Every structure is written in C-alpha cells, then in structure tokens.
Protein chains: 2
Amino acid sequence: MRPELLISSRTRSTPFSSRVEACGVKAYSVYNHMLLPLIFRSLEEDYWHLCEYVQVWDVSCQRQVEITGPDTQKLVQLMTPRDLSQAELGQCFYAPLCDETGGMINDPILIKHSNNHWWLSIADSDVMLWAKGLATGFGLDALVTEPDIWPLAVQGPKAEELLSRIFGKEISRILFFRSRTFNYQGTKMLVARSGWSKQGGFEIYVNDEELGGQLWDELFAKGEDLNVGPGCPNLIERIESGLLSFGGDMGYDTTPFECGLDKYVSLDADIESLSLEELRTRKSKTKLIGIVIDRKVNLIDKRVFIGSNVVGKITSDTWSPRYSAFLAFARCELKHLEDAQNLHVKTTSGEVSAWITDLPFDFETLGLTGIEEGRSI
Amino acid sequence: MRPELLISSRTRSTPFSSRVEACGVKAYSVYNHMLLPLIFRSLEEDYWHLCEYVQVWDVSCQRQVEITGPDTQKLVQLMTPRDLSQAELGQCFYAPLCDETGGMINDPILIKHSNNHWWLSIADSDVMLWAKGLATGFGLDALVTEPDIWPLAVQGPKAEELLSRIFGKEISRILFFRSRTFNYQGTKMLVARSGWSKQGGFEIYVNDEELGGQLWDELFAKGEDLNVGPGCPNLIERIESGLLSFGGDMGYDTTPFECGLDKYVSLDADIESLSLEELRTRKSKTKLIGIVIDRKVNLIDKRVFIGSNVVGKITSDTWSPRYSAFLAFARCELKHLEDAQNLHVKTTSGEVSAWITDLPFDFETLGLTGIEEGRSI
C-alpha cells in the first residue's frame, strides 16, 4: 500500500475538494500549503482524456499574491527581470521572480488589473513573504496580501466550447494570455486564456466559495456531451510540452538562463529590477536539458552520466505513450555538456544510452511520430 | 482507498526517507516542501509507544534558515517581538516571528551559534524569503540561506539513555533548550534538548547525508532493548500537550496573543522589533481555546456554536485514549466567549455540548484521570 496523504487544517482544502473526492481522486500533492489533485483514473488515461476532450482542474493552490497601492508597479518590477513597462490592463505575463543574485524565487503568471493593482498567480513558494519583506524593507507604499481566490482551470480542446456555454460567445474573443471579467450569478470573475497545459483552455479566478461549487457542477452538467471530466496538471502532458515545475526543475539556486527562460529576461531594458544587473554578468553553471530514450526504462536513481562522470540529475521524467519514449528533464553541469549528444542512465536492466536535446522537445527533429489516440480510452 | 501522496522532486525526500519507508510509514504530510512522516502503526499505537519508550523521528522538514554576517543579530531581533538581547551561545528560543502588523509569519526555534550566526529551525512557511526580503530591503549586511541540515529527533522517556549510548554521558548535561556540539564519526553535529513532544528528548542537527543514514541505523541497533521504534510528531500527544501547529492553529492573521503565546512577547523590552509597537496596542479579536467532550464524537464539520451563533472553528482535534475524551483546539471570536463555559458542536449523532478550557489542557482541574498504559501495545 502506498502511503496516504494525511490532511490537516495546515494542508488546506479548497471549495472544490468535496467534488474532487466525489470524482475519485487517487493522488494528491501539496502545493502552497494546499491540496493539489494529481491523478484521477491513471496518469495515462488522464493524459489522453485531456488531449481529446475537456477537463476541469482544481488549481486553487495557484494562490494569488495581491499587491495594491501607489508603489505596486514599482514592487512588481523590482521582483522580476522581465520588462513590464508596456503591460496593458488584463494582460498576463509568465515571469521569473529573482532575488538580487539572479536566483529564482518563483515563476508566477503576473496579471495587471491596473497600475495600482496586480496579482501574482504563484507556483510553490511563499511569494507573499518575499514581496512583503521587500515592501517593508524598502518602505514601499504597497499592500501585499494573499486573498482567497481559487483558480479553476478548464483545459483541453473542448474548453472553449464548454466555457462559451456558461459565459457566452465573448469567451472566444479572449486572446492568449489576456483576461476579461465575466459576470457569474451576479458576481464578477476574471477569466484568462491560460493554464498549465498546451492543450488550450482557460483559468477562472473564482472569488466566491459557494459559487465555486455551483460553477464546478454547471461545467459538468453542460459539458456532458463534450465528455468533460475531472483532471489536473498531468505529468506526461507537461513534460511533453516542456512545462517546468518550480521547486523541482528550477529553484532558488538556478537563474532563468539556467532554466531556458532567456526570453523572459529583458537584459537591455532600462528598468529597476533587483536581479537584472547580476543577471547581465552571472555565468551559467548548469543547464536544464531534455533526455530521450526510445524504450521503457526503470531508473535505479536520478543521476545522469557521460563516461564515468556524474554530470547531472533528472528532475522530472515520464513514459510518453504518444511517442513511445522515455522523456526527462535533467539539470546538468554546463562544463560537462559541450558538444555531447548522448549520456547514459542506470536502470534495472543496466546502463542505457539517452539522447540529449534542447527544451521544449522537438519531436519531429527527434524523428518521433506521435500516435493520435490512446488505446486506453 | 485513501488518496496517496504523489512524490516528485518538488516534494523533497530526506536522507532518512529510505529508512522511513522500510519501517512501513503509512501516511505523510508535506512540510516546507519536504516529506514529513505522520503515521507508522496507527496514531494510537504510535502515541503509546512514544509515551513509554523512545522513537526516532525524521523531522528534516524543520528546515534551518541560516543567518550570518555583522547584521545577523539585528535581523533576527527585527523579526521577533521576543527579547533576544540576553541570548547565550548554544541557547534555543521558541519565538513567534511577526510582521509589522503583529501577524505571525512562523514560530521557529531560534538557535544562537554566535552573534554573527543564528539558525531559525522553522515551521511550515518559507521564512527564508521573508528574512531575505527584509535583509535586502533594509540593506542589512546579513546573508540568509537555507543549508541542507536534516534534524533527527529522538523523543520519549528512554531518549536520554539511547543518546548517551551514542554520544556518551555528556548528553545528560545538556539542559532543556540548550545545545552542544558532539563529534559523530569525525563530524561535528549540534544536539539540543528539544523536540515537538512533551515526552522529553533531543534533536540532532544532522549535517551529512551519509552519516545521517548511519546514525539512524545505529540508533536502532543500540536501542533494541529500549524498544526503540520509528515515530513522528503525534497528533494525540501534541494536542494533549497543547503544542500548536503553524498554518493550522495559528497563521498570518493571528497575533501571538491570539495564540496564547503571551510569554514570548517582550512587551516592555527596549528592542528594535518590527512588530512590537503594533503588538502593544493591537486588540485581540480571536482566541485559541481548548475544547473537551467526555466521549467519542464524529464531527459533521469544524464549526463551534454558542446558542445559534457560530463563534469559531476547530483547528485541530483528536480522540485521547489516555483521558477517554475528545480534545480540540478552536479559534473563536473573543466577543462571543466572555464567561461562556460551554459551547456545542454538530456531530453525526446531533448537537453535543463541550467544555471550554484554557490551553494547555489542565486535566486534573478538568477532573480527567489518565490511564498509564495503552491496551493496544
């Protein structure tokens, strides 16, 4: 028997927890001190369903750090090396937060409500404490809080159709990484075209506990013919799509460059950011690479080797049923990589060679042809 | 089947994880992004064993926030309203950390290595981010890190005997909440008389991954005749003992006074602390109280009532096999309490009346006589 997760008031439930349980959740993680469902049927069944239909995800654990007040914009810009000076109302930004050494603190989606009102929709670290510490220390006129907002993601190719049945045709006019406010049962809720998959979809920023339950039920009632189902961030899908997880694939000791997030660092911008100066000169020591093995393997441990050298370690891995390949992210020491095209891992059937590739995976170049449907559905 | 905990590289394992698994851990929690074992045999069996023998606990999740540099003492004092000016080398302090409004950020054990070197052995929130944010904002000359230190607690009445077999008789000379450095296999490790139970014991601050495994094995080998076993913070024991859990029983929105931690706030001290001024004037709105019911109950929900008013909510609860009573902590609105001596809760067998009492529980005054041994062992 695999160990269960013991849930206390310290591991917070969400407005959707009773629904998630009723749907037969099989495994959780804890994320920002909150329950995050991770498996419903099986990783593989959840994966195929996500890619073909539409799923409702309880991602309440993407907590909102809310910053308000005259110095809001200043504080948000201090925290990230990404230039936000041209941000428009309702726009969403994927942005690394970095400390004064260039190390990453988190990788939230930033949402601009107004110059004096931003949300940071965060990954798994207590960004509120960082933002509040900075605001207090620098004496900024900015209030940092973590209000109860419970994002509900609707992901998959049928997501737009499903949401338009609830919020109307206006839904389709929301561009990628833009948000709009919709009226749900008399309450205004933000809806953004975003989400932690590459299957398309939206995130609804639920701000009323009771309405949240109603909305969940309505999504399932109106989506029956679309084969709507419960879902969650899916390990297989996110690795195939090259989506990184903060705390696993990247962390306090890595810079955005070491995570392949170069395009989210505005090196030449004339902005006041804590980390930018250091990021202009700090040398990368490691690199997050992709690893591909063309068959199923059982790893003995997470180390990766070139010759007899341990050159790094796998941070996330999965079997891809679509490409019939073992896919992984690995953090490696840059000095060992150079022109290396292969490395090897230790498996229960001995040493196995693996291709090294950039992220996100380019399956065509890798010569991997994906199948369109899972046999398990 | 209860949902399992899915473990990824984001949910960190510890140097003891393989041992914990081999001992048959049944349930985990996640604490500071790390595995925290919570049940081995059953809550009740673990409880009686802890009270009678000695247990080895993997509490690696009590991460150490290390502060070094000339402004160390200044930064640590800024963070807590407890006067640390008389702190001696090796001394440990239970101390609330509070923000500028008096709200709690964490409740660590502070350990003074020297004026320029402190550890904060933290509860479940990313204190490193708070400390680093303050240090950066205030421009303090203090380096804030979270080194890999993995506390191993040895708790229970036979703990001293067991540790003296490994570290020698010197162990018994460590006073409560004091620490000393011991040599283990050529490596210096800090040992403190402390731990999250009231059964007596020590915490060993393991600083070497491999030695950690060796130490675990040696504790089990040398403690066989003491009936040493695997253990963990035990819900029953900690509620009976009145030990609070940050994030559940107390949090960002509560002051130390609202958690009964009055004696850890040095109201009259002449110290530079972020929160002290606010704490001198801020009025308490809530109070954490004890609740006792003299029989087993199954709660429908966590609300507590006086008359028809919801006056608060249970934050932790347990069945006490020793006192044959249902014990709980509840956070209540102060204005509703006044001279109330009873409240009621909703259970599967209807409304049930409960005594209100101060914390920690005073079982003698409550007229509860504890039994000395569990029938289950």
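Two strands are taken as paired if DSSP finds at least two bridges between them. The model shown in these views is predicted.

**View 1. Strand β2 of chain A beside strand β1 of chain B.** Strand β2(A) is joined by two bridges to strand β1 of chain B, residues 4-5, and the two run parallel. Within this pairing, A:Tyr28 has B:Leu5 in β1(B) as its bridge partner. In general, the strands of a sheet pair through backbone hydrogen bonds, either parallel or antiparallel.

**View 2. The contact between chain A and chain B.** On each side 41 residues take part: 41 of chain A are in contact with 41 of chain B. About 3900 Å² is buried between chain A and chain B, and carbon and sulfur atoms give 58% of this area. Of the area that chain A buries against chain B, 19% is supplied by A:Glu4, A:Arg10 and A:Leu129, more than by any other three residues. Across this interface, 23 residue pairs are in polar contact, both residues being at pLDDT 80 or more. On the side of chain A that touches chain B, the elements giving two or more residues are β1 (4-5), β2 (27-31), β3 (34-39) and α4 (127-138) of chain A. Helix α4(A) gives the most to this side, with 10 residues. Sorted by class, the side of chain A that touches chain B holds 20 nonpolar, 12 polar and nine charged residues.

**View 3. Salt bridges between the chains.** The whole structure has 43 salt bridges over all chains, and eight salt bridges are counted between chain A and chain B. In one salt bridge, A:Arg2 is joined to B:Glu4, with the closest N and O atoms 3.1 Å apart. In another, B:Arg2 is joined to A:Glu4, and here the closest N and O atoms are 3.1 Å apart. This second pair crosses between chains, from B:Arg2 in the segment before β1 of chain B to A:Glu4 in strand β1 of chain A.

**View 4. An open sheet of five strands in chain B.** The strands of this sheet in chain B follow the order β6-β9-β10-β5-β11, with antiparallel pairing. β6 (92-94) and β11 (143-145) of chain B are at the edges and have a single partner strand each, so one side of each is left without a neighbour in the sheet. On average, neighbouring strands of the sheet are turned by 20° against each other, direction ignored.

View 5. Strand β5 (residues 64-68) and strand β10 (residues 117-121) of chain B run antiparallel and are joined by five bridges. B:Ile67 has B:Trp118 in β10(B) as its bridge partner. Helix α3 of chain B, residues 72-79, packs on the sheet and touches β5, β9 (109-114), β10 and β11 of chain B; the direction of α3 makes about 30° with that of β10(B). Helix α4 of chain B, residues 127-138, lies across β5, β10 and β11 of chain B and runs at about 165° to β11(B).

**View 6. Two hairpins in chain A.** Strand β18 (residues 299-306) and strand β19 (residues 309-320) of chain A pair in the antiparallel sense over four bridges. A:Ile306 has A:Asn309 in β19(A) as its bridge partner. Two residues lie between β18(A) and β19(A) in this hairpin, and A:Gly307 in the turn has a positive phi of about 60°. Strand β19(A) is also joined by eight bridges to strand β20 (residues 325-333) of chain A, and these two run antiparallel. A:Lys313 stands opposite A:Arg331 in β20(A). The hairpin of β19(A) and β20(A) has four residues between the strands, and A:Ser324 in the turn has a positive phi of about 45°.

Methods:
Residues numbered from 1 in each chain as written. Chains lettered and ligands numbered in written order. Predicted model: local features only at pLDDT ≥ 70, side-chain atom pairs only at ≥ 80, totals over all residues. Heavy atoms only, no water. Axes fitted to C-alpha atoms, helices over the stretch in contact; angles between N-to-C directions. Contact = heavy atoms within 4.5 Å. Buried area = accessible area lost by both parts, 1.4 Å probe. Salt bridge = Lys/Arg side-chain N within 4 Å of Asp/Glu carboxyl O. Polar contact = N/O pair within 3.5 Å; in protein donor to acceptor, adjacent residues only side chain to side chain. Nonpolar A, V, L, I, M, F, W, Y, C, P; charged D, E, K, R; others polar.
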